[in-house]
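Here is a short briefing to read with the model open beside you.

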Amino acid sequence: MKRTHILITVILIVSALTIPGCTSEETGLELTFSNWTSQTSPPGKATARWVEMLETRTNHRVRVKTMYSATLLTEKNTIEGILRGVADVGMNVSSSRPERFPMMALLNYPHPYKHTMVPILIAWDMYNKFDPPEFKGVKVVSFSCNGLGENGCGFFGKFPITTMADLRGKEIRATGTGVQALEKLGASPVFLPVSEIYEALQKNIIKGSYTTFEIIKPFKFNEVIEYITPFPAPAGVMFTIVNEKRFNSWPDDVKKVIEDMRMEHSTWAGNFAQTAGQEGLTFAIAGGVKKTTLSSEEKENMMRILKTMTEEWLERNTARGLPAREWLDEFNMLIEKYNARY
């Protein structure tokens with residue numbers, strides 16, 4: 001009888017430790033993180049940092065399996081996948097679906113951001129103030145962005161740019177809102193994934209690219225370009241999200257760790273991308289690429305033309321019944337505020 005009681009006790013203990021969702025120190029909480037980009041890209045590095053912070057601060061009671069390069073969810077279906085429970089956590093970029101993320105789309109146009117942290121801080125302030133319906137059902141736990149700043153993005157390619165006329169008719173690679181921006185500037189935009197830029201430049205299929213400079217070093221674009229020109233480029237505002245219901249089911253201490261990481265991780269990601277953008281320019285010049293500049297008058301003229309993208313965004317989203325004017329007014333106030341900080 002005594003042996004029977006001991007056996008039953010052991011079985012109960014083992015069962016308790018193997019129940020799904022158990023969060024004891026022995027079993028922990030296992031999460032799946034989906035990222036549409038590669039592990040070596042700046043967004044991939046930001047994901048790895050978030051995972052490291054969470055696992056370390058929970059004493060590895062929380063463990064995260066990370067799936068990169070759209071092996072689980074793509075840039076087009078990340079939020080739907082998170083809502084369906086395909087992954088617990090996901091990072092995505094709002095510029096790939098402006099109709100799905102109308103408020104975030106405003107931040108992705110070519111604005112004169114002085115530092116990569118500017119759009120990140122704006123994103124947090126607007127998210128917290130407006131609780132936009134585009135994030136219904138999910139909780140944002142970090143914002144990040146591609147490398148921007150005054151010398152972190154613009155044009156690089158086979159030809160010099162000193163006036164807008166230099167862009168006329170040129171085949172220039174872009175993605176997202178960059179395609180629309182190039183059309184307004186008189187260029188001939190070509191949509192290509194980053195993995196195809198090198199060969200397209202090498203074979204003269206495209207004459208240049210309009211994007212962040214952070215991609216120059218890892219992809220060795222300095223080998224196939226001759227000129228680089230800083231100019232405000234489209235921002236890729238990224239977000240890391242979790243299913244809100246699933247988040248609420250996690251232990252309080254885990255939730256607190258994630259909440260406490262929000263601004264710290266966003267700041268790390270923003271500064272990392274900012275440095276990567278600046279380093280792209282330095283790396284290109286060190287490799288023999290010539291830097292060209294636009295006069296202040298020419299730059300102002302080009303930015304005035306690109307501002308019509310924001311005006312069209314306002315008209316389009318007002319027609320959808322969204323508080324677009326309120327969003328835009330807030331954005332204009334915040335960009336002035338945070339640009340002054342940097």
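Helix 6 is followed by Gly186, and the phi of Gly186 is positive, near 90 degrees. Helices (H or I, at least four residues) and strands (E, at least two) are DSSP runs here, numbered from the N terminus. Please keep in mind that this is a predicted model, in which local features need pLDDT of at least 70 and side-chain atom pairs count only at pLDDT 80 or more, while totals for chains, interfaces and linings use all residues. Residues are numbered from 1 along each chain as its sequence is written, and side-chain values use heavy atoms, with hydrogens and water left out.

**Helix 6 and its surroundings**

- Helix 6 covers residues 177–184, and its buried residues (buried means under 20% relative accessible area, exposed over 50%, partly exposed in between, with a 1.4 Å probe and protein chains only) are Thr177, Gly178, Ala181 and Leu182.
- Viewed down the axis of helix 6, these buried residues fall within an arc of 140 degrees, so they line one face of the helix; the arc is that of the directions from the helix axis to the C-beta atoms.
- The cover over the buried residues of helix 6 includes strand 5 (153–157), strand 6 (171–174), strand 7 (188–191), strand 8 (208–212) and helix 11 (296–319).

- An open sheet with mixed pairing is formed by 6 strands in the order 7-6-8-5-9-11, where two strands pair if DSSP finds at least two bridges between them.
- Strand 7 and strand 11 are at the edges with a single partner strand each, so one side of each has no neighbour in the sheet.
- Helix 6 packs on this sheet and touches strand 5, strand 6, strand 7 and strand 8; its direction makes about 155 degrees with that of strand 6. Axes are lines fitted to C-alpha atoms, for helices over the stretch in contact, and angles run from 0 to 180 degrees between N-to-C directions.
- Strand 6 and strand 7 are parallel and pair over 4 bridges; Glu171 has Ser188 of strand 7 as its bridge partner.
- From strand 6 the chain passes through helix 6 to strand 7, a β-α-β crossover that is right-handed, meaning that with the strands pointing away from the viewer, the path from the first strand over the helix to the second runs clockwise.
- Further along strand 7, Pro189 is the residue that Ile172 stands opposite.
- Strand 6 also runs parallel to strand 8, joined by 2 bridges, and Arg173 has Ser209 of strand 8 as its bridge partner.
- Strand 9 (residues 227–230) pairs with strand 11 in the parallel sense over 2 bridges, with Lys291 of strand 11 as the bridge partner of Ile228.

- Strand 3 (residues 89–93) and strand 10 (residues 237–243) run antiparallel and are joined by 5 bridges; Val93 stands opposite Met238 in strand 10.

**Cysteines**

- The count of disulfides is 0, taking a disulfide as a pair of cysteine sulfur atoms within 2.5 Å.
- The sulfur of Cys145 is 9.2 Å from its closest cysteine sulfur, in Cys153, which is too far for a bond.
- Cys145 counts as buried because its relative accessibility is 3%, and Cys153 counts as buried at 2%.

**Two threonines**

- Thr211 lies in strand 8 and counts as buried at 13% relative accessibility.
- Beyond its neighbours within four places in sequence, Thr211 is in contact (heavy atoms within 4.5 Å) with Cys153, Gly154, Phe156, Arg173 and Ala233.
- Thr292 sits in the loop between strand 11 (290–291) and helix 11, and counts as buried at 10% relative accessibility.
- Not counting residues up to four places away in sequence, Thr292 touches Pro160, Ile161, Thr162, Tyr227, Ile228, Thr229 and Pro230.
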